[in-house]
Amino acid sequence: MKQYVAFIVTAVILFASVFTSATFELKTDQLVDSQNVKEEKLPGYYLKDFQGRLAVFRGNKNDPIITTDTMVNTLPIEDQKKLKTGVEVEGDVALRKALEDYCS
């Protein structure tokens with residue numbers, strides 16, 4: 001079971017990385033002087049209840065980048081409450097750990 005979850009989590013992270021890389025396109029007219037721009041923090045991941053399932057969102061998007069097979073109603077009540085509003089996760093490693101925790 002743990003190997004299955006590890007495989008799914010790895011696949012999810014790989015998919016998210018490839019998806020993010022594929023959608024990023026830098027155009028020369030968009031280049032700016034880095035000294036004149038405040039450093040922006042990339043939006044983190046959010047774990048939320050999406051149609052009864054645990055899902056991963058990026059930033060303030062309304063559509064999940066990943067939807068798991070984990071039913072939220074099978075999780076402890078405290079986790080269900082947190083997932084109603086969303087649980088913020090910073091970084092890929094933390095996302096993988098959180099998915100392992102919720103999905104195992």
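I started at K84, which is exposed at a relative accessible area of 59%. For this I took exposed as over 50% relative accessible area, buried as under 20%, and partly exposed as in between, with a 1.4 Å probe and protein chains only. The model is predicted, and local features need pLDDT of at least 70, side-chain atom pairs count only at pLDDT 80 or more, while totals for chains, interfaces and linings use all residues. Residues are numbered from 1 along each chain as its sequence is written, and side-chain values use heavy atoms, leaving out hydrogens and water.

**Entry: salt bridges**

How many salt bridges does a search of the whole structure find? I got three. My criterion was a side-chain nitrogen of Lys or Arg within 4 Å of a carboxyl oxygen of Asp or Glu.

K84 pairs with D49, and their closest N and O atoms are 3.5 Å apart. This pair links distant parts of the chain: K84 sits in helix α2 and D49 in strand β1, 35 residues apart. I noted that helices (H or I, at least four residues) and strands (E, at least two) are DSSP runs, numbered from the N terminus. D49 is partly exposed, at 23% relative accessibility.

E78 forms a salt bridge with K81, with 3.9 Å between the closest N and O atoms. Both residues lie in helix α2, three residues apart, about one turn of the helix.

K97 bridges to D101 at 3.2 Å, closest N to closest O. Why are K97 and D101 separated by about one helical turn? Because they are four residues apart in helix α3. D101 counts as partly exposed, at 49%.

**Entry: the sheet**

I traced four strands in an open sheet, in the order β3-β2-β1-β4, with antiparallel pairing. Two strands pair if DSSP finds at least two bridges between them. Which are the edge strands? They are β3 (66-71) and β4, each pairing on one side only. Neighbouring strands are turned by 30° against each other on average, direction ignored.

I then went pair by pair. β1 and β2 are joined by six bridges, and L47 stands opposite V56 in β2. These two strands form a hairpin with two residues between them, and Q51 in the turn has a positive phi of about 55°. β2 and β3 share three bridges, with V56 opposite I66 in β3. β1 and β4 also run antiparallel, over three bridges. Y46 faces E88 of β4 in that pairing.

**Entry: helices on the sheet**

Helix α2 (residues 77-85) lies across β1, β2 and β4, running at about 110° to β1. α3 packs on the sheet and touches β1, β2, β3 and β4, its direction making about 30° with that of β1. Axes here are lines fitted to C-alpha atoms, for helices over the stretch in contact, and angles run from 0 to 180 degrees between N-to-C directions. Contact means heavy atoms within 4.5 Å.

**Entry: the nonpolar core**

I looked up the largest nonpolar core, which has 15 residues. A core here is a set of buried Ala, Val, Leu, Ile, Met, Phe, Trp, Tyr and Cys residues joined through side-chain atoms within 4.5 Å. L47, L54, V56, L83, L95, L99 and Y102 touch the most other members. β1 (45-50), β2 (53-58), β4 (87-89) and α3 (92-103) each give two or more residues. Which element gives the most to this core? α3 does, with five residues.

I checked the neighbours of L83. Leaving out residues up to four places away in sequence, L83 touches L47, K48, D49, L54, V72, L75 and Y102.

Is T68 buried or exposed? T68 is buried, at 11% relative accessible area. T68 is in strand β3. A polar atom of its side chain lies 2.7 Å from the backbone oxygen of L54. The backbone nitrogen of T70 is 3.3 Å from a polar atom of the T68 side chain. I count a polar contact as a pair of N or O atoms within 3.5 Å; within protein, one must be able to donate a hydrogen and the other to accept it, and residues adjacent in sequence count only if both atoms are side-chain atoms. Not counting residues up to four places away, T68 touches R53, L54, L99 and C103.

T85, in helix α2, is exposed at 65% relative accessibility. Its side chain reaches the backbone oxygen of K82 at 3.3 Å. T85 and K48 are 37 residues apart in sequence and 6.8 Å apart in space, C-alpha to C-alpha.
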